[in-house]
Amino acid sequence: MNFELDRVFIEEEFRGSRIARTVLEHLPAGVPVDYVGDGRAAARPDSSHPDPFAAGKRRLILMRRRSPFLMACPAASSEFACCGYLVLTLASNCPMDCSYCFLQDYVADNPGFQVYANYADAFGELEALSARAPGRHFRVGTGELADSLAFDRLTGLSLELVDFFARQTGLTLELKTKTDEIDNLLTVDPRGCAIVSWTLSPPAVFASSEHRTAPPAARIEAARRLSEAGYGVAFHLDPVIAYAGAERDYLELLDHLFAAVAARRISFISIGGLRLTPGLRAAARRRHPRDPMLTGEEVLAADGRYRTFTPLRARLLRTVANRIRRQSAQIPVYLCMESAAMSERIFGVRPPAPANLCEILGARR
Ligand code: SF4
C-alpha cells in the first residue's frame, strides 16, 4: 500500500460489519478511527488545508452509498467512440494522485476517500439488471471514481466481487488499476468472469505525473501473473500524452508489454488522448505546477475540452494503434473519449455502436 491515511471515519451502522473489521485489522498502527452517524460531513473539503483535495485523499470514510451503484459509463454518448460499459461505483476518490486525474475537478466538493460499506446492495442491482435483460452480456467496471485495487489490501473487496461475478452468467467484472495489488486476486478463481485492466504510461509520464502509483514495469508484471492465473487482462493507453520523445517511449512501452504478456491473453487495449475540461486544467495546473505533461500544445476542442493539437494527437494515436495491430490483429483496440471521426482517421472505419463493442469485448474475456 503506497499511501498514508490521516484518519478513518466509520458510520455507526457499519460498526462491526465485515468490511469495517477487515479495515481495522489491516490499518497501520496509530491511525485514529472515529465513529460517526453520517459520513458525508467528513467527505467535504477541509478549507483550512492548503490543498483540500489532497487532504480528502488521506481521510478514509466507510459509509453508506445513498444513490444507485450502477450507472452508464459517462463516455457513453453518440459523440464519442466508446466502449459502452457500465460503471459500478464502490468508492469515490483515490489515494494515488495523478496530475491529469479528472477527480481533481469532479469530486472537488466531496474529496473524502469514500468506500461504500453497503456494497452488497450493488449485487442486488446487478442481479436485477441480468433479470431484466436475459441473454445480454454486460461488462461492469469499478474503476471510474476510484482505482479498483488501491485499497484492496485494506478492504478485501475484490474477493467478494470476483466470487459474485464468477456465479453470474452474462456479467464480466472489470477491475481497473494503476497498482500491483493482486495478492487477494491470486487466491480466487475468476472462472472466466473477471478482467483486470491497467492504465499504462511510459516511465517518463509515471515519474512526472502518476504519484504513488506502481511503476509501469510492476503493472506489467502484475498483469503477466494474473493472466497466468486465469484472469483476462486488458490495458488502457489513456491518456496518451504528446511530449518530446513520446512516440519512442510509447513504442518501447508496448515492446515491454508484448514481451511479458502474450497477445492472445489480452482482452482489449483502449487508447485515448489527454483531454482536460477547463475546470480540470485549472485545478491540475494549480496542484501540479511543475508537471511538464500538463503544458503541451493544446486546443479547446468542440466538446469543450482542451486536447492535444489534432494532427499531433492523431499521429501519436496512429503510431500506438499500428504497433498494436502489428503485434496481433486479434487484439480488440478502440479509442476512448475520442470522436467517431478520429476513430475513422486512425482505423479507417467508423467505430461499432457501443452495445456491439461491449459484446465484442465481452466475447474475448
Ligand atoms: S490512479 Fe486513477 S483514479 Fe487514482 S489518481 Fe490516478 S487517474 Fe485518478
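This is a predicted model: local features need pLDDT of at least 70, side-chain atom pairs count only at pLDDT 80 or more; totals for chains, interfaces and linings use all residues.

Q: Which residues are around the ligand?
A: A residue is near a molecule if one of its heavy atoms lies within 4 Å of it. Here the residues around the ligand are C94, M96, D97, C98, C101, L103 and K178.

Q: How many residues of that shell are nonpolar, polar or charged?
A: Ala, Val, Leu, Ile, Met, Phe, Trp, Tyr, Cys and Pro count as nonpolar, Asp, Glu, Lys and Arg as charged, and the others, Gly among them, as polar. The shell has five nonpolar residues, two charged and no polar.

Q: How is a pair of packed helices described?
A: Two packed helices are described by the angle between their axes and the distance between the axes. Axes are lines fitted to C-alpha atoms, for helices over the stretch in contact, and angles run from 0 to 180 degrees between N-to-C directions. Helices (H or I, at least four residues) and strands (E, at least two) are DSSP runs, numbered from the N terminus. The axes of helix 10 (residues 246-260) and helix 12 (residues 310-327) cross at roughly 25° and come within 10 Å. Helix 10 is therefore roughly parallel to helix 12, a term for angles under 35 degrees.

Q: At what angle do helix 9 and helix 10 cross?
A: The axes of helix 9 (residues 216-228) and helix 10 cross at roughly 25° and come within 9 Å. These two helices, helix 9 and helix 10, are therefore roughly parallel to each other.

Q: Where is there a cis peptide bond, and which residue has a positive phi?
A: Most residues other than glycine have a negative phi, and most peptide bonds are trans. In this model a cis peptide bond joins D238 and P239, with omega about 10°. P239 lies in strand 13 (residues 232-240). R212 is not a glycine, yet has a positive phi of about 70°. R212 lies in the loop between strand 12 (210-211) and helix 9.

Note on methods
Residues are numbered from 1 along each chain as its sequence is written. Side-chain values use heavy atoms; hydrogens and water are left out. Angles under 35 degrees count as roughly parallel, over 145 as roughly antiparallel, 65 to 115 as roughly perpendicular and the rest as oblique.
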